[in-house]
There are 2 protein chains.
Amino acid sequence: MSTYLTILGFNSAIPTVNTSPTSQLLEMEERCFLIDCGEGTQVQLRKAKARFSKINHIFISHLHGDHCFGLPGLIASFRLLGRDVPLHVYGPKGIKKMLETIFTITETHRGFEVVYHELNNSESEKIYEDNRVEVYTIPLDHRIYCNGYLFKEKQKDRHLNMQEISKYKEIETCDYHHLKAGKDFELSDGYVLKNEILTTDPALPVSYAFCSDTRYLESVIPIIKNVTVLYHESTFLHDLKEMADYTGHTTALEAARIARQAEVGKLILGHFSNRYGDLTVFTDEARTVFPNTFLPKALEVVKI
Amino acid sequence: MSTYLTILGFNSAIPTVNTSPTSQLLEMEERCFLIDCGEGTQVQLRKAKARFSKINHIFISHLHGDHCFGLPGLIASFRLLGRDVPLHVYGPKGIKKMLETIFTITETHRGFEVVYHELNNSESEKIYEDNRVEVYTIPLDHRIYCNGYLFKEKQKDRHLNMQEISKYKEIETCDYHHLKAGKDFELSDGYVLKNEILTTDPALPVSYAFCSDTRYLESVIPIIKNVTVLYHESTFLHDLKEMADYTGHTTALEAARIARQAEVGKLILGHFSNRYGDLTVFTDEARTVFPNTFLPKALEVVKI
């Protein structure tokens, strides 16, 4: 089960005919996580042929419109599509009041529960965990309270080497979960079969960090250390560093510095100001510091 | 100055890849009126190459999401585009609380005033008037408080016949507005020049009625009598009349009956349920009662 990231939109501020505001769909270990939800996200999800019913967790970085104005419509559509299972919404304190006010006034009667997980911590915290995946906040520095999110696969089970296992009748099906967990097997005569004979290495767990919107912030580096893929906003080029600081954003050069210091596998940039036409200027600048940097493409699916 | 209607979206409920929820742009006597504003309307406005700065009045029929979820994003974009003149928003009571809650929580600081005109009257009322145009509500019968809107050009000035006027030195520029208003001109010798010699007929004033969403409702007929163009929702075909009544909608046949009884010039249908593929079934049904019925096309500009 691989992990895939679909970039639904990566534009800053004003939607245009050809670009959508921030939203991403992360499929990790069969979970479907929606990250940010700018206006028009539900249409982007349709273009990506995403199954709405698989989305049970939505993570909103901050309550600026270009990151959350698609939420009311998406949740209303969930209702019209007959959803009956809970939807978990993670986001800054205030998100519940905003959405519930909208749903009350627009008489959006839901047939399912929306479980709000409101965030106001300034330290990174684990906000989601199941048997395969963990999600942590990445506190950011924007004009308004803002978190990135770190999605981590847990250590995976070792693969059973059935060819070897079948040689030992003493190993029964009920022993498999010990073998998958890396334990050796002791035969009745006291001989110990080493785990590495009976199993093979699993795929390494992958991780994905989403950092939007923020000023250059070195405190994120230990949180996102060695992630497989980092998405980091880069609204401006570095010649507009002052503008970036003033508006609470990062330059492409700074995003690359974060990537290099965190020793991530790959950097994807995004949230570009509308003032730029040809976006390759962002990778040109970032690659001087971190060569493995890429531009997003709308509806592109990135294997992580 | 002709009157043009641009259909920005005419879908019901859930936006799809190729269709947008209800929104229309009416350009009448150089005024730009936005009618309803479903999610994604601002992108449709861009596709229509509409000038955002010309929109000073927005009329919302009712507070269901598919008619208003594009408003927060559009107003946020107005701010980002530097708007500094007031924006008038007409809509059901509750629209102010909803929008202001959103703007407060998302810290959407506006550089311009939003003037709310909240409606809760069950009788038709004049809600806008200037020297050339009047707008009236059309109370409808939906699951939630809902108004259609009637836009009427006022009687236009008569055109000056300069060839005739130039024959009479006594007629001065300051007399023209009397002539345009239809008055005769008395020469100093007492001879009366009839107005129809000095002027020609102006274009007849046109009118446009927008009726969305409603059950079949005969009380709209006197309000929209003889309008040049009527848009009327027809969510269902008449074989689903019970469903239409239950959900507060109209069938194509019923929309045509309204059009015929109101003796309108032209009927445009819309707000079709997603269950229908080929939409010509709607005009097929409606034309049995009112032949001059048409389907909308996205971004089509209709001369009224």
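A: The account below starts with the basis of the values and then turns to the interface.

This is a predicted model, in which local features need pLDDT of at least 70 and side-chain atom pairs count only at pLDDT 80 or more, while totals for chains, interfaces and linings use all residues. Residues are numbered from 1 along each chain as its sequence is written, chains are lettered from A and ligands numbered from 1 in the order in which they are written, and side-chain values use heavy atoms, with hydrogens and water left out.

Between the two chains, 33 residues of chain A are in contact with 35 residues of chain B, contact meaning heavy atoms within 4.5 Å. The size of an interface is often given as the accessible area lost when the parts come together. Here the area buried between chain A and chain B is about 2,700 Å², and carbon and sulfur atoms give 72% of that; buried area is the accessible area (1.4 Å probe) that two parts lose on being put together, summed over both. On the side of chain A, the residues that lose the most area to chain B are A:Glu39, A:Phe69 and A:Ile105, together 23% of what that side buries.

Helix 1 (41-47), helix 3 (71-80) and helix 4 (95-105) of chain A are the elements that give two or more residues to the side touching chain B. Helices here are DSSP runs (H or I, at least four residues), numbered from the N terminus. By residue class, that side of chain A divides into 16 nonpolar, 11 polar and six charged; Ala, Val, Leu, Ile, Met, Phe, Trp, Tyr, Cys and Pro count as nonpolar, Asp, Glu, Lys and Arg as charged, and the others, Gly among them, as polar.

The count between chain A and chain B is zero salt bridges, whereas over all chains it comes to 34. A salt bridge is a side-chain nitrogen of Lys or Arg within 4 Å of a carboxyl oxygen of Asp or Glu.

As for symmetry, chain A can be laid on chain B with an RMSD of 0.0 Å by a turn of 180° and a shift of 0.0 Å along the axis, the superposition being by least squares on the C-alpha atoms of residues with pLDDT of at least 70 in both copies. The two copies are thus related as by a two-fold rotation axis. A:Gly40 comes closest to that axis among the residues of chain A, with its C-alpha at 2.9 Å. The same surface serves both copies, since 100% of the contact residues of chain A recur in chain B.
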